[in-house]
Amino acid sequence: MVDQLPPIVIARRDHARLERLADYALRERPPVGRFLMSEIRRAAVFDTNKVPEGVACLSEWVTYRVDGSRQSESKILVCPDELRNGQIELSVLSPLGAAVLGMSIGQRIKFFSIEGGLHSVIVEDVGAPAGAPLLFPLKARRKASRVSTGSRGPDDDGPQAA
């Protein structure tokens, strides 16, 4: 008996980017590229603001459990060029990342690791888990502090009192 693949959803804003990434991966990393491309092709593409709740999307947290492990993991699903910290980020160009992309809470899928082993992953939750670092607000604050402490132009007298 063949396992049914779970239906998956991809946001329209991410679809073209993911296709380009999968196309690149087909040349550079064929097994992962084929898997990612097959997932993209079978996905239902929704307008970004109409993606149902509970779907694992790019740039969002996903909590999953691999091979029935006792310990679940939570990571942010990212494209490889955005991968900065493997402790809290999961590349969509990894077999596991391609597997969870577009899945909903409670869905399970089998996938092959880079080494060729067959694994199973279930999505347990989406959204930041309790105690997760607030990465995006920190990035915005760092960017703002660089602007405010950077060099000033000739017409900028610096901060002004109101």
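# Salt bridges, pockets and core

Visitor: Which residue forms a salt bridge with Glu 39?

Guide: A salt bridge is a side-chain nitrogen of Lys or Arg within 4 Å of a carboxyl oxygen of Asp or Glu. The closest N and O atoms of this pair are 2.8 Å apart. The partner of Glu 39 is Arg 42.

Visitor: What kind of model is this?

Guide: Residues are numbered from 1 along each chain as its sequence is written, and side-chain values use heavy atoms, with hydrogens and water left out. Local features need pLDDT of at least 70, side-chain atom pairs count only at pLDDT 80 or more, totals for chains, interfaces and linings use all residues, and the model is predicted.

Visitor: In which helix do Glu 39 and Arg 42 lie?

Guide: Helices (H or I, at least four residues) and strands (E, at least two) are DSSP runs, numbered from the N terminus. Glu 39 and Arg 42 are three residues apart, about one turn of the helix. Both belong to residues 30–42, helix H2.

Visitor: Is Glu 39 buried or exposed?

Guide: Buried means under 20% relative accessible area, exposed over 50%, and partly exposed in between (1.4 Å probe, protein chains only). Arg 42 has 27%, so Arg 42 is partly exposed. Glu 39 has 2% relative accessibility, so Glu 39 is buried.

Visitor: How many residues apart in sequence are the parts tied together by Glu 124 and Arg 65?

Guide: The side chains of Glu 124 and Arg 65 meet in a salt bridge with an N to O distance of 2.5 Å. Glu 124 lies in strand E7 (residues 118–126) and Arg 65 in strand E3 (residues 61–66), so the separation of the parts in sequence is 59 residues.

Visitor: Which residue meets Arg 27 in a salt bridge?

Guide: Arg 27 is exposed, at 55% relative accessible area. At an N to O distance of 3.3 Å, the side chain of Arg 27 meets that of Asp 23.

Visitor: What volume does the largest pocket have?

Guide: On a 1 Å grid over the protein atoms alone, a pocket is an open set of points where a 1.4 Å probe fits, with protein on both sides within 12 Å along at least five of seven lines; lining residues have an atom within 4 Å of a point. Grid points are joined across faces, edges and corners, and a volume is the space filled by probe spheres set on the points. For the largest pocket, this is about 270 Å³.

Visitor: Which element gives the largest share of the lining of the largest pocket?

Guide: The lining includes Pro 31, Phe 35, Lys 110 and Phe 112. Two or more residues each come from H2 and strand E6 (108–112). The largest share, four residues, comes from H2.

Visitor: What space lies in the second largest pocket?

Guide: Among the residues lining the second largest pocket are Arg 13, Glu 53, Cys 57 and Val 126. The space in this pocket is about 160 Å³.

Visitor: How many residues does the largest nonpolar core have?

Guide: A nonpolar core is a set of buried Ala, Val, Leu, Ile, Met, Phe, Trp, Tyr and Cys residues joined through side-chain atoms within 4.5 Å. Those with the most contacts inside the largest one are Leu 36, Val 92, Val 100 and Val 121. H2 gives the largest share, five residues.
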